[in-house]
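Please look over the fold below before reading on. The report that follows covers surface, fold, core and charged pairs.

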Amino acid sequence: MPIDFERFGNFKDAEFRSLEILSATHIKLMLAVQDAARDFDWITLELDFRDVTDARLLEENRLHFIDMSDGASLLHVNKEFAFGIGACYNIQAIKSSTLYIISKELKYKEGQF
């Protein structure tokens with residue numbers, strides 16, 4: 001799994017920066033998160049989902065309304081990555097979250113706040 005959840009605190013209180021749909025199967029999500037490896041300084045984290053198989057997305061101007069107090073979940077199940085808002089313990093819970101993305105490939109990149 002490419003992301004250390006303890007390091008980013010399961011994205012609790014994270015802030016959405018942007019959501020970019022590059023194609024029907026390629027989505028980039030940008031978040032501001034606290035990084036425990038940097039004394040909880042804020043960084044920007046880009047999640048790059050490729051080979052997207054399913055998703056529920058919101059318009060970018062509605063992203064700041066999403067309550068991130070419970071963070072987000074990222075599961076790796078059956079060779080797919082599933083990202084969803086809140087504490088989700090299985091694919092069914094992710095698919096009932098406000099926003100979710102399921103893909104076969106996930107890369108991430110850290111940047112400055």
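The accessible surface of the protein chain comes to about 6500 Å². Carbon and sulfur atoms account for 45% of that surface. This is a predicted model, so every value here is computed from predicted coordinates. Of the 113 residues in the chain, 42% are buried.

**Fold**

The chain has two helices and six strands. Along the sequence they follow the pattern α-β-β-β-β-β-α-β. The radius of gyration is 13 Å, close to the 13 Å that the globule rule gives for 113 residues, so the chain is as compact as a globular protein of that length. Its C-alpha atoms fill a box of roughly 35 × 30 × 25 Å along the principal axes.

**Nonpolar cores**

The largest nonpolar core has 26 residues. F11 and F83 have the most contacts inside it. Six strands each supply at least two residues of this core: β1 (15-23), β2 (26-35), β3 (41-56), β4 (72-77), β5 (80-85) and β6 (100-112). The largest share, five residues, comes from β3. Another core lies apart from it and has six residues, among them L75, I94, Y100 and I102.

**Salt bridges**

Side chains of opposite charge can pair when their charged atoms come close. The count of salt bridges in this model comes to eight.

| Pair | Closest N and O atoms |
|---|---|
| E110 and R7 | 2.9 Å |
| K28 and E46 | 3.9 Å |
| D35 and R38 | 2.9 Å |

Take E110 and R7, which form a salt bridge. E110 lies in strand β6 and R7 in helix α1 (residues 5-8), so the pair ties together parts that are 103 residues apart in sequence. How accessible are the two partners, E110 and R7? E110 is partly exposed, with a relative accessible area of 28%. R7 counts as buried because its relative accessibility is 19%, and the cut-off for buried is under 20%.

K28 and E46 form another salt bridge. This pair also links distant parts of the chain, with K28 in strand β2 and E46 in strand β3, 18 residues apart. K28 is partly exposed at 23% relative accessibility. E46 is buried, at 13%.

D35 pairs with R38. D35 is buried, with 0% relative accessibility. R38 is partly exposed, at 38%.

**Around D48**

D48 sits in strand β3. Is D48 buried or exposed? D48 counts as buried because its relative accessibility is 6%. Its side chain makes a polar contact of 2.6 Å with the side chain of H26. A polar contact of 3.1 Å joins the side chains of D48 and R50. Leaving out residues up to four places away in sequence, D48 touches H26, I27, K28, E105, L106 and K107.

Definitions and conventions
Residues numbered from 1 in each chain as written. Predicted model: local features only at pLDDT ≥ 70, side-chain atom pairs only at ≥ 80, totals over all residues. Heavy atoms only, no water. Core = buried A, V, L, I, M, F, W, Y, C linked by side-chain atoms within 4.5 Å. Buried < 20%, exposed > 50% of the residue type's maximum accessible area, 1.4 Å probe, protein only. Helix = DSSP H or I, 4+ residues; strand = E, 2+ residues; numbered from the N terminus. Salt bridge = Lys/Arg side-chain N within 4 Å of Asp/Glu carboxyl O. Polar contact = N/O pair within 3.5 Å; in protein donor to acceptor, adjacent residues only side chain to side chain. Contact = heavy atoms within 4.5 Å. Rg over C-alpha atoms; globule rule 2.2 N^0.38 Å. Areas by Shrake-Rupley, 256 points an atom, 1.4 Å probe, with all protein chains shown as cover.
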